[in-house]
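Colleague: I would like to learn how to read the contacts between chains, going from one feature to the next. Could we work through an example together?

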Amino acid sequence: MSDFLAMGGYAEYVWSTFGLTAVVLVINMVGARRRLRNSLREAGLRAARQRRQAS
Amino acid sequence: MVTVVSAILRRDLELGFRRWGDVASPLMFFAIVTALFPLALSPAREVLQGLGPGVLWIAALLAMLLSLNALFRQDLEDGSMEQLVVGPHPLPLIMLAKALAHWLLSGLPLVLLAPLLAVTYHLPAEGVRALCVTLLLGTPTLSLLGSVGAALTAGVRQSGGLLALLILPLCLPVLMFGSRATALAAEGEVVTGPLYLLGALLALAVTLVPATSSAAIRISLD
Amino acid sequence: MKLPTWFHKLGSPPHFYRLATLLTPWFYVPAVLLLLAGTYGGLVLAPADYQQGDGFRIIYVHVPSAYLSTMVYGVMAVASAIGLIWRMKLAHSVAAAAAPIGAWFTFLALVTGAIWGKPMWGTYWEWDPRLTSELILLFIYLGYISLRGAFDDRDKADRACAVLALVGVVNLPIIHYSVIWWSSIHQGPTIKKLDAPSITGDMLWPLLVMILAYTLIFAALLLQRVRAEVLDRERNARWVLDIMGAPAQGN
Amino acid sequence: MINLSNDAMLVADELTLWRGELCLFDGLSVAVEPGQALMVRGPNGAGKTTLLRVLCGLTRPEAGQVHWCGEPVETSGEQFGRALAYCGHQTGLKADLSLAGNLAFAARLAGLHGEPWRDIMAQLGLASRADLLVRHLSAGQQRRGALVRALMVPAQLWVFDEPFTNLDAAGRDWLEARLDAHLDRGGMAIIAAHHELRPRPGLRTLELAEAR
């Protein structure tokens, strides 16, 4: 296991790139979901407001 | 066709001379920026000769960016661009005339001032000649590309930095070929290659930009 | 030019919104699975490269993000063209949604490329044609995103950014080849450029798996962001109110 | 005078335009024929200016089409451009040029020779101001300068946005008389105004409701 982690001496480079990739992927996944949540919430507020105005 | 271009050129040039301050400031900026490097780095001949072409070209590019910002802003505020858009004349032709007028007021003066500044960098004669030729070929392309950026950001509030961010990546090929050709010429090498490429970029810009900046200005006027 | 009806149907926001809601998990799940498979393949199964040793494994994250950075700009340019020509707000929504994703992966390609450069050339940053083009592409993305942010009217922002994306897509090849020309003049061909080492079969399949995984992840992220953009643009439309009637599902 | 083709018509159908949350107009259709003047009235912010800009092809509506002689205004370029005289809120004059300089530019652009603006300028009492920089003119004089520019070049369709503001009584009468002559010759006009136009044959009114 430890030589796997050593990556033939390139450990810091390989793991840093894979780590950074994971971080960027997570940032994008969370970001996209939150962007959608915000729009859904705003649309919900607007719908509620219009329903109040209509009634 | 010709009357439209000449009418716009005549008006914009007259405006340029009336507000000569707007024409002079990019020139002074060009001179000051080129003077910064010897003061900041070193007045040594070899250093300056090595830096010369790049610094002069970068300063010229930045100087043109200064004047591009206001290119359409004033026309939008006083409604004169609106009249041109609503008028019978083809908008791409009008935008080409505007870009030409901008070049005459900002690009050409830079080309005339460049030899003077090149001397302060101890550039040899071939280098100075190459600098002028590359600027003569490159600055119109910068005006054209810049007119697209200016048209896109004309309606937007404070857009100084934005215009530079939009335009500079597009101007990189001109900068690279221009400064490279000047440096190579200064070392006595043949530079026909980059000059042809600069000419090709100019031809491409003259054909593609007018239609693009027309679409852009219509969007800003919407 | 008469368009196929499915194109118009796809172009109608409510139809697209429902489709996107349905499809998002179908992209996410396989994407994550392929990602794990590709990573395992690349890190464990693939043999070390005879020249770069295990350092070459960085290509399994660098190459897919570099591919994505250009592919996403292509998606933005096509969407912008469709948006301008057929005046489809949905197409503009796709371009608006794709930009931040493209910018992120361009940044990722840039940094992973630089890190990969360290063991190869000894320095983190090397003005290699590929990395330089990637850097300029990042500036173009940032320019696009800041132009979009500068407009407060959404329709104007869409159309202006569409023009910018088309101007960009015309300039990208020009910039790329002038960078190659520029670097060949400066460095000369002596310095070994950052090209992928010769890949044999069992090194190759993880890379293809990773590229497919990245594409699917991009699709999933894009669908979510486009749904958000569509909701923002269609705020006055009837169908948005109907959807809001139902409990909000933000999967 | 240009030949006023009597089958020329401006037709706008099903115009829809939102501004953010507000709907300015929805499904608005209007047509103007030779000899007709359409007065657009409505409270501030009802979208009068925007409607005029849509009819000129400057602003693109969310939905709907505007046709001039059957051609969509956005793509009819020369034909519509020659027929239209547009006077918006802005004067369209460069502040750093003299009034005469601006008008000379407009005349050259329209291919007119000599100084066709002299007599209109005199009628509007601007003769003595011709060589002043537009920057130094009062708002009223600048408005009248814009009117001179719009009226100098013969056009079949006038689209004026509140042309009567900053005009004194004499100026108003002059413009009303000028409008009558224009309509008699088969011209058309779309005018956004707050105050009542003099009743005349072919005058129609379009009331824009408050944007909701």
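Colleague: How many residues of chain A are in contact with chain C, and how many residues of chain C take part?

Modeller: Bear in mind that this is a predicted model. Here 32 residues of chain A are in contact with 42 residues of chain C, and the area buried between the two chains is about 3,400 Å², of which carbon and sulfur atoms give 73%.

Colleague: How many salt bridges are counted between chain A and chain C?

Modeller: A salt bridge pairs a side-chain nitrogen of Lys or Arg with a carboxyl oxygen of Asp or Glu within 4 Å. The count between chain A and chain C is 2, and one of them joins the side chains of Arg35(A) and Glu229(C) at 2.9 Å, N to O. Helix 2 of chain A, residues 11-54, gives the most to the side that touches chain C, with 28 residues, and the residues of that side of chain A divide into 17 nonpolar, 9 polar and 6 charged.

Colleague: What area is buried between chain B and chain D, and what percentage do carbon and sulfur atoms give?

Modeller: The buried area there is about 2,400 Å², with 54% from carbon and sulfur atoms, and the contact takes 27 residues from chain B and 23 residues from chain D.

Colleague: Which polar features cross the interface of chain B and chain D?

Modeller: The rule finds 4 salt bridges across this interface, including the one in which the side chains of Asp78(B) and Lys94(D) meet at 3.0 Å, N to O. There are also 13 residue pairs in polar contact, both residues at pLDDT 80 or more. Helix 1 of chain B gives the most to the side of chain B that touches chain D, with 8 residues, and that side divides into 10 nonpolar, 6 polar and 11 charged residues.

Methods: Residues are numbered from 1 along each chain as its sequence is written. Chains are lettered from A and ligands numbered from 1 in the order in which they are written. This is a predicted model: local features need pLDDT of at least 70, side-chain atom pairs count only at pLDDT 80 or more; totals for chains, interfaces and linings use all residues. Side-chain values use heavy atoms; hydrogens and water are left out. Contact means heavy atoms within 4.5 Å. Buried area is the accessible area (1.4 Å probe) that two parts lose on being put together, summed over both. Helices (H or I, at least four residues) and strands (E, at least two) are DSSP runs, numbered from the N terminus. Ala, Val, Leu, Ile, Met, Phe, Trp, Tyr, Cys and Pro count as nonpolar, Asp, Glu, Lys and Arg as charged, and the others, Gly among them, as polar. A polar contact is a pair of N or O atoms within 3.5 Å; within protein, one must be able to donate a hydrogen and the other to accept it, and residues adjacent in sequence count only if both atoms are side-chain atoms.
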